[in-house]
There are 2 protein chains.
Amino acid sequence: MAWKQHITLAEVKELIASPELEVVLANLLPADIAEIISLLDQEDRVSLFAHLSSDLGARVFEHLEPREQRPLLSALGATRAKQILGDMHSDDIADFVGELHPEQAKAVLSLMPHKDAQEIRELLVYPESSAGGLMIKEFLTLEQDRTVDAAIAAIRENALTNESMYYVYVTLQNKLVGVVSLRELILASPEAPLKEIMEDNVIAVSPTTDQEDVARLLSKYDFLALPVVDRQNMILGLVTIDDVLDVLSEEATEDISMLGGSQPLEEPYLSVPIFSMYKKRVTWLVGLAILLAFTSAIMERYEVVLETMIALTFFIPMLIAAGGNAGTQAATLVIRGMAVGEIDYRHWPKIAGMELAMGLMLGTTIGLIGYARALMMGESITLALTVSLSLLIVILLAVLTGALLPLVLRRIKVDPAILSSPFITTMVDVVGLLIYFAVAAYFLGIVV
Amino acid sequence: MAWKQHITLAEVKELIASPELEVVLANLLPADIAEIISLLDQEDRVSLFAHLSSDLGARVFEHLEPREQRPLLSALGATRAKQILGDMHSDDIADFVGELHPEQAKAVLSLMPHKDAQEIRELLVYPESSAGGLMIKEFLTLEQDRTVDAAIAAIRENALTNESMYYVYVTLQNKLVGVVSLRELILASPEAPLKEIMEDNVIAVSPTTDQEDVARLLSKYDFLALPVVDRQNMILGLVTIDDVLDVLSEEATEDISMLGGSQPLEEPYLSVPIFSMYKKRVTWLVGLAILLAFTSAIMERYEVVLETMIALTFFIPMLIAAGGNAGTQAATLVIRGMAVGEIDYRHWPKIAGMELAMGLMLGTTIGLIGYARALMMGESITLALTVSLSLLIVILLAVLTGALLPLVLRRIKVDPAILSSPFITTMVDVVGLLIYFAVAAYFLGIVV
């Protein structure tokens with residue numbers, strides 16, 4: 001179904017600058033043409049683009065990455081650039097312009113009619129990850145006394161984009177009071193006024209609503225778009241489901257990267273330059289390595305205990321790793337629960353109770369394994385007790401911290417996904433060692 | 001905007017069994033009514049449901065969890081159950097029936113007209129996570145010689161669901177040859193035959209296409225629905241964007257849980273019973289604890305080396321943790337890259353090259369920190385060299401394994417998300433110790 005079934009890249013390259021190319025391109029979808037363009041060099045990109053109609057050109061341009069859009073638009077010249085911008089959706093123009101240097105942005109906006117440029121400037125006010133940053137300015141409103149017929153006529157006249165034409169928003173003195181889906185318009189009698197068929201319980205968001213909350217509402221109510229309104233309930237724009245689909249995927253990637261202890265890459269893995277990849281990854285690793293320096297200080301401090309019983313060291317890796325694993329598990333479940341909106345910091349008493357029980361149950365289970373392991377290796381009961389009791393305490397603490405710390409962070413408005421599993425593991429390593437040596441010193445009767 | 005702004009739970013409870021409730025419910029959206037029902041006890045659920053019209057009842061029922069649907073449907077009685085099933089979407093019925101015991105499923109299907117029940121049975125053939133498992137059977141096809149007017153009339157007559165009415169699929173002798181969006185229908189001249197306005201490059205999937213691939217195609221092409229076709233190119237059903245939105249979020253939750261070393265919870269964190277939570281979490285932790293038993297065996301085996309230089313132990317936690325962190329980071333980036341379709345196992349040479357460079361760069365950086373740390377603690381140059389060289393080797397290996405193992409797993413069709421960070425950390429712990437002692441024995445001139 002994709003373009004590879006219709007044509008190979010070599011064939012495209014051969015056809016460039018031949019009129020036949022237009023026939024081929026007419027059979028491809030915009031996303032596929034954009035994919036082909038990404039594989040060409042700059043000169044061929046410009047030649048291929050010359051074959052596209054203004055509307056198709058705009059659709060293709062929207063699918064390109066900002067770093068591909070910039071040189072292409074300059075190379076196309078002002079006249080063509082004006083056409084492309086005129087046919088692009090406002091949210092895509094804002095995304096493109098938002099990535100430019102202020103001077104370049106000004107130059108691009110100067111190519112647009114004053115009113116359109118003003119709209120783009122308004123969109124750029126909102127953070128990229130808010131409803132205002134995601135919304136498009138193309139939407140249709142009609143006063144509530146207008147008829148179904150008038151609404152359908154308005155849809156025809158405005159020739160709205162695919163994404164923004166599935167709802168007509170109904171207003172009373174310009175304030176949003178209802179919504180009618182295209183389905184209802186088609187089924188209703190042509191003379192019915194909109195107020196008779198509209199749904200008056202409209203779900204709307206403010207421009208500062210976080211994109212994750214927008215995604216959650218769209219998914220909960222199964223809508224294709226949500227209106228964005230100001231404080232006077234005047235409609236400012238529309239967030240459509242296709243943009244939310246992309247957002248959900250990006251947010252999950254960001255969370256997963258952070259949980260894995262890396263800054264999000266921003267570009268596909270395979271196209272990140274090596275030094276920028278190094279920068280994204282080294283920060284956390286160095287920070288954690290410095291934190292880990294405490295472990296050697298702790299070990300040195302307890303050298304006397306270690307020399308009394310060298311076998312104590314045998315269980316250090318097991319102890320700290322088991323604690324780190326349990327803490328990572330708890331933190332991951334809670335962080336994801338918050339990301340999908342199931343958990344809120346107000347739930348902390350319930351979570352603390354659950355994780356207390358989990359910590360005791362999991363700690364006892366793993367503690368027993370540690371006990372058995374020490375005896376299997378022919379160690380003393382004292383050592384076996386030290387190992388198993390330490391495992392229980394460390395796992396209990398790790399589970400409680402792992403589950404509750406994300407809630408604290410959310411409360412103080414820090415993204416809990418920074419609690420990566422490497423970070424939790426490292427913290428547990430440091431604390432776990434302290435607990436182990438304290439327990440050992442107690443059992444061995446050593447005063448440190 | 002949500003129901004809490006209109007009515008409190010206490011007010012709902014008071015109004016139950018009063019005719020006034022109907023007025024209140026008419027102002028709420030199905031998803032909100034379902035949320036209220038979840039908070040009521042079984043008796044009140046049944047009373048509240050009695051106030052809902054058949055169509056609204058079906059919409060509300062679709063939003064409930066399977067464990068809430070089962071007792072409610074039984075309590076409603078056969079006549080009402082028949083109505084509800086008659087108004088539900090085929091994919092939601094299939095999801096509900098698929099969770100029942102075979103006997104119960106048979107009983108539910110017997111309430112439906114033979115043809116509808118047959119459709120549900122067909123849907124149940126496909127795995128839940130495939131296009132076939134997600135699709136709905138409500139869609140509209142017309143032969144390519146029919147006109148735009150005929151298509152709009154057909155939409156009116158069929159009163160399709162919101163999600164399945166945005167495209168008309170065009171056939172030639174029942175085979176899918178094109179697609180027309182509702183937007184194009186409204187803009188086109190009423191007498192035009194569909195074949196003149198249709199897009200003939202139709203993106204379709206097979207019923208066995210994985211849901212993640214379906215999500216990727218919808219997102220790439222910005223469609224609201226994709227047709228599912230059989231080998232003869234006859235259309236079997238439709239996957240709609242609202243279902244894909246839910247799928248994306250579920251898949252990310254599943255991946256994140258697995259990366260955190262837990263089995264996915266299947267229910268929201270706060271509603272999982274304590275023992276079932278224990279079962280989901282204990283399996284991995286016990287498995288890893290058993291794997292960790294190797295670390296104590298390795299330490300015991302190298303007791304001679306440890307006794308020669310007790311200071312060696314001081315750096316063990318740092319060494320294994322730094323390796324685990326680097327490995328987790330690499331694995332997470334590659335696993336996510338594969339999940340969003342950016343990376344394929346065929347990219348392994350490029351990835352191996354990238355991670356070789358990363359391993360050397362990151363290993364050198366962290367190795368230098370380890371070297372400085374050992375000297376700061378007043379240790380010998382021999383020990384400082386042992387620590388830093390081991391860090392370099394362990395990090396290099398951890399990064400390479402973390403990045404390439406997911407590719408191997410994908411190649412042999414195992415979900416790479418099972419490579420949780422706890423698993424990688426634990427593996428690195430075992431291998432890291434072996435490397436450390438080998439390096440130490442070499443520098444200290446000890447033959448073990």
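Me: Which residues are linked with Lys220(B) in a network of salt bridges?
Reply: The model is a predicted one. Side chains of opposite charge can pair when their charged atoms come close. Lys220(B) forms a salt bridge with Asp32(A), with the closest N and O atoms 2.9 Å apart. The residues linked with Lys220(B) in the network are Asp32(A) and Glu35(A).

Me: Is Asp32(A) buried or exposed?
Reply: The pair runs between chains, from helix α15 of chain B, which holds Lys220(B), to helix α3 of chain A, which holds Asp32(A). Lys220(B) has 22% relative accessibility and counts as partly exposed. Buried means under 20% relative accessible area. Asp32(A) has 0%, so this residue is buried.

Me: How far along helix α5 of chain B are Arg59(B) and Glu62(B) separated?
Reply: Their side chains meet in a salt bridge at 3.1 Å, N to O. Arg59(B) is buried at 18% relative accessibility, and Glu62(B) is buried at 16%. The two lie three residues apart in the helix, so the separation is about one helical turn.

Me: Is α8(B) roughly parallel or roughly perpendicular to α10(B)?
Reply: The axes of the two helices come within 9 Å and cross at roughly 65 degrees. Angles of 65 to 115 degrees count as roughly perpendicular. Therefore α8(B) and α10(B) are roughly perpendicular.

Me: Which residues of α10(B) make the contact with α8(B)?
Reply: On the α8(B) side the contact includes Ile93(B), Ala94(B) and Val97(B). By class, the contact has six nonpolar, two polar and one charged residues. From α10(B) come Ile120(B), Leu123(B) and Leu124(B).

Note on methods:
Residues numbered from 1 in each chain as written. Chains lettered and ligands numbered in written order. Predicted model: local features only at pLDDT ≥ 70, side-chain atom pairs only at ≥ 80, totals over all residues. Heavy atoms only, no water. Axes fitted to C-alpha atoms, helices over the stretch in contact; angles between N-to-C directions. Helix = DSSP H or I, 4+ residues; strand = E, 2+ residues; numbered from the N terminus. Parallel < 35°, antiparallel > 145°, perpendicular 65-115°, else oblique. Contact = heavy atoms within 4.5 Å. Nonpolar A, V, L, I, M, F, W, Y, C, P; charged D, E, K, R; others polar. Salt bridge = Lys/Arg side-chain N within 4 Å of Asp/Glu carboxyl O. Buried < 20%, exposed > 50% of the residue type's maximum accessible area, 1.4 Å probe, protein only.
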